Amino acid sequence: MLDRIQQAFDTQTRFTADASHELRSPLTALRGEIEIALRKERSTEEYREVLGSNLEEILRLSRITEDLLTLARADAGALSPRWEAVDAEAFAVRLTDRFRRAADEAGVDLHVEVERGGVLRIDPGLIGQIVWNLVDNGLKFTPRGGRVDVRLKRAGSEFHIVVADTGPGLGPEPDRLFDRFYRADAARTPGGETPGTGLGLAIVHSIVEGFGGSVEATNRPDGGARFHVVVPLGSEGRSSPHTA
C-alpha cells in the first residue's frame, strides 16, 4: 500500500516538474525577445517579426495548457465521452481539411480513407483529438516525401481508427510511448530534433481509456509505425463508460 502511494507521489512530482519545464521554455523565449526589442528603437518590420515570433510562442503555450487540462480531466475521471449523432461525411471533410494543411507544410503525402454516408454516434471532439494527435505524431516522424495513411471505419458497434506512417518506427522503448512527456530520440526525427511536448500519445491513451476502448502500437513490416484505436460507438440512451 505504501509503495503504491509513494509511486503515485513520485509520478505526480515528475509530472509537475516536466509540466513546469514545458511552460517555462516558451515563457523564457517570450521574455527574451520582448526585452531585446525594447532595448532600442526598431523599424516597423523588425517589430512585426518580434510580434510574429511572440505569437508562435503564445500558441505553443496555449497548446500545452490545453493538453495539460485534458490530462487533468482524465485524472479526475471527467473525460468521459458525450455522444452525439454526427454526419459521417461532414465529419470526415472537417478532419481531412485540418490534416491537409499540416501535411502540405511537412511535405508528407496524406491519404485519408473514411466510410462515408450515414450517421455515427460518437463524441466528435474527443474522436477528433485522438485522430489529430495520431496524425500529428505521424507527420512529425515521417520524412519529407513520405506518407501517412489514416483509416476511419465503423465495424458493428465499434469505431476503428488506424494511422500508419513511413517514418523510423516505434524505436527502442515502445512500452513508454504513451507515457506523459516521453519523447523519442532526436536522431529518429527528420530534422534531427525532438518535436512536440511528449503529451500527444498520452492524451490519446487517456481518451481511449475514457471510452473503454483500446489502442495498440506496432511496427509495420515494410517500415514505419502503425497505431490502431478501437472505441465503442454510442447508442440512444447510452451513458458514458464511467457514469453510474
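Predicted model: local features only at pLDDT ≥ 70, side-chain atom pairs only at ≥ 80, totals over all residues.
In which helix is Ile 58 found? Ile 58 belongs to helix H2, which covers residues 44-75.

**Along helix H2**

Let's stay with Ile 58 for a moment. With a relative accessibility of 41%, Ile 58 is partly exposed. Together with Leu 55 and Leu 59, Ile 58 makes up a nonpolar surface patch of about 260 Å².

Leu 61 is also part of helix H2, but Leu 61 counts as buried because its relative accessibility is 15%, under the 20% cut-off. What does Leu 61 touch once its neighbours within four places in sequence are left aside? The list is Leu 23, Pro 26, Leu 27 and Leu 30. For Leu 27, the gap in sequence is 34 residues, while the C-alpha atoms of Leu 61 and Leu 27 sit 8.0 Å apart in space.

Tyr 47 is another residue of helix H2, and at 30% relative accessibility Tyr 47 is partly exposed. Setting aside residues up to four places away in sequence, Tyr 47 is in touch with Ala 37, Lys 40, Glu 41 and Arg 42. Ala 37 is 10 residues from Tyr 47 along the chain, and their C-alpha atoms are separated by 7.3 Å.

**The whole chain**

Now zoom out. The chain has 5 helices and 7 strands, and reading along the sequence gives the order α-α-β-α-β-β-α-β-β-α-β-β. Of its 244 residues, 39% count as buried. How much of the contact list comes from residues 24 or more positions apart? Taking contacts with a separation of 6 or more, such pairs account for 70%.

**The core**

The largest nonpolar core holds 51 residues, and the ones with the most contacts inside it are Ile 127, Ile 130, Leu 134, Val 150 and Ile 161. Helix H4 (residues 124-141) gives the most to this core, namely 8 residues. Both domains take part: the core draws at least three residues from domain 1 (1-76) and at least three from domain 2 (84-232).

Apart from its neighbours within four places in sequence, Ile 130 contacts Ile 161, Val 204, Ile 207, Val 208, Phe 211 and Val 229. Ile 161, then, is both a contact of Ile 130 and one of the residues listed with the most contacts inside the core.

**Strand E6**

Which residues does Ala 217 touch, not counting those up to four places away in sequence? They are Leu 170, Leu 177, Phe 178, Arg 226 and Phe 227. Ala 217 itself lies in strand E6 (residues 214-219) and is partly exposed, at 23% relative accessible area. Leu 170 is 47 residues away along the chain, yet the C-alpha atoms of Ala 217 and Leu 170 are 7.8 Å apart.

**Salt bridges**

How many salt bridges does a search of the whole structure find? The search turns up 8. Here are some of them, including the N to O distances:

| Side chains | N to O distance |
|---|---|
| Arg 101 and Glu 105 | 3.5 Å |
| Lys 140 and Asp 136 | 3.0 Å |
| Arg 220 and Asp 222 | 3.8 Å |

Arg 101 and Glu 105 share helix H3 (residues 88-106), where they are 4 residues apart, about one turn of the helix. Arg 101 counts as exposed at 62% relative accessibility, and Glu 105 is exposed too, at 56%.

The pair Lys 140 and Asp 136 is found in helix H4, and they are separated by about one helical turn because they are 4 residues apart. Lys 140 is partly exposed, with 30% relative accessible area.

Elsewhere, salt bridges that share partners link Asp 109, Arg 147 and Asp 149 into one network.

Conventions. Residues numbered from 1 in each chain as written. Heavy atoms only, no water. Helix = DSSP H or I, 4+ residues; strand = E, 2+ residues; numbered from the N terminus. Buried < 20%, exposed > 50% of the residue type's maximum accessible area, 1.4 Å probe, protein only. Contact = heavy atoms within 4.5 Å. Core = buried A, V, L, I, M, F, W, Y, C linked by side-chain atoms within 4.5 Å. Domains from an automatic or database assignment. Patch = residues over 30% accessible without salt bridge, like charges linked within 9 Å, V, L, I, M, F, W, Y side chains within 5 Å. Areas by Shrake-Rupley, 256 points an atom, 1.4 Å probe, with all protein chains shown as cover. Salt bridge = Lys/Arg side-chain N within 4 Å of Asp/Glu carboxyl O.
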